Amino acid sequence: MTTVASASNISLNGDFPDLSDELVSELVSSIDHVGYGVVPDYLEQRELDRLRTFVEASVRAAGNQYVSFTGCADLADTPLERMANSAVFRRLCTRVYEGATGNRAPDQPYYQILRCLTGASGERHSLRFHYDSYVLTVLLPICVPEGQHSGRLIMVPNVRPVRKWYAQNLIDKLLIDNSLTQFLLKRLAQTQSSRLARLKMEPGSLYFFSGYRSIHTNEPCDPDKIRTTALFHYVDPHIGSRLKRALRGSGPL
Ligand SMILES: O=C(O)CCC(=O)C(=O)O
Ligand SMILES: [Fe+2]
């Protein structure tokens, strides 16, 4: 079994690369068995270069510290805005979601973030283990530092199912989001445990995993380098929860 969908089957039609149903099944099976699936070389070099220029300017403007962008408002005319609006990319996400969950993909917007880690503040945004609030996470690395401290993505894949009730999800999250569990997970990350997947990512490739089901975070990178990832989170299974709505405003629960 491969964790990598071969780029040779990808057809271009003026939009982003499309994947055959066979490759989508491979991705789904890889997410299921290994915890993640990869589509290599999804973005063209020229688009990656444009994004890097944007990132470098943004980091400079932020005083060479951590900066992030939520949504598309600040990403006008970048390939990330095009991705967010791309029908082909959306179809890829819905097919992976449907294959992975067996449910019809609902029509929900992405929760999109661009994270630029650098400097001392980059470290504070690293090794924060969590579950995402969205079932499917699609991660596009844009800048990955060379060398030992590249800021790998680390995860304990598929440790919980998609919960029926928001309250169960909340309990799961609280069990992770405390200093004892964070300490134990950091210790686990220092061992060679095979429970943990460690991904040194390739810029321009797409990484699919279930951020909702997997405990995950990024390792820190060298403070004088920039590590940038774009994330498309897709499908909040608790979107209709009244409890969630009532708690909104009390933090990122
Ligand atoms: O930047 C990364 O590698 C992961 C970020 C992440 O997990 C998130 O934003 O939910
Ligand atoms: Fe996450």
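Colleague: Which residue does D222 meet in a salt bridge?

Modeller: This is a predicted model, in which local features need pLDDT of at least 70 and side-chain atom pairs count only at pLDDT 80 or more, while totals for chains, interfaces and linings use all residues. Residues are numbered from 1 along each chain as its sequence is written, chains are lettered from A and ligands numbered from 1 in the order in which they are written, and side-chain values use heavy atoms, with hydrogens and water left out. A salt bridge is taken as a side-chain nitrogen of Lys or Arg within 4 Å of a carboxyl oxygen of Asp or Glu. With an N to O distance of 3.3 Å, the partner of D222 is K225.

Colleague: How many salt bridges does the structure hold?

Modeller: Side chains of opposite charge can pair when their charged atoms come close. In this structure, the number of salt bridges is 12.

Colleague: Which residue forms a salt bridge with D21, and which helix does that partner lie in?

Modeller: The closest N and O atoms of D21 and R95 are 2.7 Å apart in their salt bridge. Because D21 lies in helix α1 and its partner in another numbered helix, the pair ties together parts that are 74 residues apart in sequence; helices (H or I, at least four residues) and strands (E, at least two) are DSSP runs, numbered from the N terminus. The partner is R95, in helix α4.

Colleague: Is R95 buried or exposed?

Modeller: Buried means under 20% relative accessible area, exposed over 50%, and partly exposed in between, with a 1.4 Å probe and protein chains only. D21, at 54% relative accessibility, counts as exposed. R95 has a relative accessibility of 13%, and therefore counts as buried.

Colleague: Which residues are linked with D21 and R95 in a network of salt bridges?

Modeller: R91 and D18 form a salt bridge with their closest N and O atoms 3.6 Å apart, and this pair links helix α4 (residues 87-101) to the segment before α1 (21-33), 73 residues apart. R91 is partly exposed at 42% relative accessibility, whereas D18 is buried at 16%. The residues in the network with D21 and R95 are D18 and R91.

Colleague: What spacing do the donors of the iron ion (ligand 2) follow along the chain?

Modeller: Donors are N, O and S atoms within 2.8 Å of the metal (3.2 Å for Na, K and Ca), and water is not among the atoms, so sites may look incomplete. The protein donors are H130 (NE2), D132 (OD) and H216 (NE2), lying 2.1 to 2.2 Å from the iron ion. H130 is partly exposed at 32% relative accessibility, while D132 is buried at 7%. Along the chain, the spacing is H-x1-D-x83-H.
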